[in-house]
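This report describes a protein structure for a reader who has not seen it before. The sequence and the structure come first, and the description follows.

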Amino acid sequence: MRVWHRLKSVLPLMLAIFLSGNGVAQVISGASSGRHPAFNAGTAGYSAIDYQGMPSAFQSYPHISPFENRMEQHVNSNGLWFRDTISHFEPRGKYKFDVQVEWLRSTVRDFGGFVGDPDAITAIQMDNFANTDVEAVMAAIGYPLQMGQVPRVQTDGLRLSTIISSPEGWRIGVNGMFTPNKVGIFDRRQVVEAARRSIDEIDALFLEATGGIMGPIPLTNLRNTSDREIVETRILDNDILRMGGDFDPGEEFDPRGTASDILERTLLVLPDIPLQNGVLLEGVSQFFDLDFIVRHSVETFGAGAHFETAPMFQRGNIQFRGLFGGRFMQIKEGFHFTGVSSGLDYDQTLSIGQIDLIDNDGDFLIDELGEESGSGGAAGGAAGPGESVQPSSGGATGFETEGSAGASDAGDGGGDISFTRLNPYPQMLIRSFVYSQVETKLGGPEFGFSYDIAKTGLATISGSTRAGALFNEERIRLNGDNIGDVSTVDLLDPTMLQDMFDTTVTNGSLTQNAFQDTDRGMHLSPMFEQNITARLPLFNRVPVLRDMKCLEHSSLQLGWSFLWIGEVAEPQGSINWTSNPRAGLFPTVSVKRGHFYQNTFRFGLNCEY
């Protein structure tokens, strides 16, 4: 077969001719005559009659090039070309909405200092000035109550937010959050009773009586009650301890023993409150042995709006934007104290064994009065076996060493404790409380920047840093009752306490010792907030969830936020602990401010529309 060798010369020429020609397709019906609409971009000027064609920037290739390296870039979105004027690759006129619902787990600030006046004498120090181990005793027992012993408040809450993203790159965000009232509680009695619940009170008594050998236990209706209930409803209220008389050891509460035995098991070594009374330079100390409960409550609400500029810096997936906006926040924070004193005068041995939650003396009971440490003496620098402590009737409540004035030879660690009535008023029990509530309202501008750190198919990580100056309107409310020296009887009138009016509380009514005070003001508080957020598109990878229409454009959202606000009043620190009701002195508000912070972990859902 012969090949026409001239074909090698003609074929390139034919290909060059065919490729240089224009292929004209059929004109679209309804379009103006002449050129193709794509090439007829507004030649007749803008008019409601003439066909306008397409804007020049939207002409098809080769009249524009997707590879132009100019300020205005062109991108392909779903098969259509669009112009990007400020480096945002979205079709013109298309806004994106992100709706976020998040569950919050927050930790707020705790208080410093302790409950009471920092310059007043404590119960341990009162009659023990010669003891060089006073500080060691206070450190070992942890009394007066350090506010650090109150558990830090952790709150759960809800946060709703919406972010609107424009085609030009700017964003608008609106958010709101709420954490309901939560409380951190210090309750020494609750801790002791929880440790004692490992064995029933009646069973413990029979085990002690039989040397640990359980025998038949007679039926008794006292099994359906508790030592605490017997103390409040039968021993003290029934005046078993008579005015000025000694304790009657013959009063039996079988099988629980005598009233003295029940009191030894019920009364506890609890913190005291150091006070100033306007008379003694060293102050006085209020003693408690039935209840000492401290609560720290927090509730927060916040809302805000902000504007984010178009990216000020962009490199790859990293973008930085300017941010400014405003916020409002309300903080309700409270300090609540409730205490109950027996109104008794008694001696006891001070020992670490009374606060270590261990049965040191083998009687199947934990931390009762007179219980000594396992070594038979003091531990951690506490008072030794030869030292007894008591609320002294000769002066303000205090702890006395054996051999000092007013001490008795009772309290040998295992013997009976001598109880006498101290409170001269009709109701022996002394119920005290202090409520201090701070309501803080903050509002003002905030500035900062937001940033997108990474954007991949697996996660999108973003964050923001903000600072601001907020107007702070604060209001402090203080009220309480029966705070003062309840251990010193008036020498001129033995039917009254030296500093206190009648402490009897009937059906929750207030006494003449009740007080209240308020304070309010306004100032500026600095603010700082740091946020980090990660979005994980996991739903499209889960077999069942990826078929749900509502989760088609949703992602799992995890985040962390830290909010710090300066100059926020502290409810516990804003109390002036000076009280002498009979002299007209009551606790008042004395504003003390500190730093409020809220450390929050977020978990929720982000939906795109």
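## Strand pairing

In β5, V174 is the bridge partner of T162. Helices (H or I, at least four residues) and strands (E, at least two) are DSSP runs, numbered from the N terminus. The strands concerned are β4 (residues 154-165) and β5 (residues 171-187), which run antiparallel and are joined by eight bridges; two strands count as paired if DSSP finds at least two bridges between them. β4 and β5 form a hairpin with five residues between them, and G169 in the turn has a positive phi of about 110 degrees.

β5 also runs antiparallel to β8, with 15 bridges joining them. Opposite F301 in β8 stands F178. In a regular strand the side chains alternate between the two faces of the sheet.

## Basis of the model

This is a predicted model, in which local features need pLDDT of at least 70 and side-chain atom pairs count only at pLDDT 80 or more, while totals for chains, interfaces and linings use all residues. Residues are numbered from 1 along each chain as its sequence is written, and side-chain values use heavy atoms, leaving out hydrogens and water.

T155 lies in strand β4. T155 counts as buried because its relative accessibility is 0%; buried means under 20% relative accessible area, exposed over 50%, and partly exposed in between (1.4 Å probe, protein chains only). Contact means heavy atoms within 4.5 Å. Not counting residues up to four places away in sequence, T155 touches L104, R105, S106, T179, P180, K182 and V298.

## Nonpolar cores

A nonpolar core is a set of buried Ala, Val, Leu, Ile, Met, Phe, Trp, Tyr and Cys residues joined through side-chain atoms within 4.5 Å. The largest has 27 residues, and F292, V294, F335, F337 and V434 have the most contacts inside it. Two or more residues of this core come from each of β6 (273-275), β8 (291-308), β10 (318-341), β15 (430-455) and β16 (460-481). Another core, of 20 residues, lies apart from it, and L236, Y346, I417 and M428 are among its members.

Which residues does V294 touch, not counting residues up to four places away in sequence? V294 touches V115, L145, M147, V150, G184, I185, F186, F335, H336 and F337.

## Salt bridges

The whole structure has 24 salt bridges. Here a salt bridge is a side-chain nitrogen of Lys or Arg within 4 Å of a carboxyl oxygen of Asp or Glu. E102 forms one with R602, with the closest N and O atoms 2.9 Å apart. This pair links distant parts of the chain, since E102 is in strand β3 (residues 96-108) and R602 in strand β21 (residues 593-608), 500 residues apart. E102 is buried, at a relative accessible area of 0%, and R602 also counts as buried, at 7% relative accessibility.

A second salt bridge joins R171 and D452, whose closest N and O atoms are 3.1 Å apart. R171 in strand β5 and D452 in strand β15 are 281 residues apart, so this pair too links distant parts of the chain. Both R171 and D452 are buried.

## A charged network

E193 forms a salt bridge with R189, the closest N and O atoms being 3.5 Å apart. Because they are four residues apart in helix α4 (residues 188-196), E193 and R189 are separated by about one helical turn. E193 counts as partly exposed at 30% relative accessibility, whereas R189 counts as buried at 6%. A network of salt bridges links R189, E193, R228, E232, D291 and R431.
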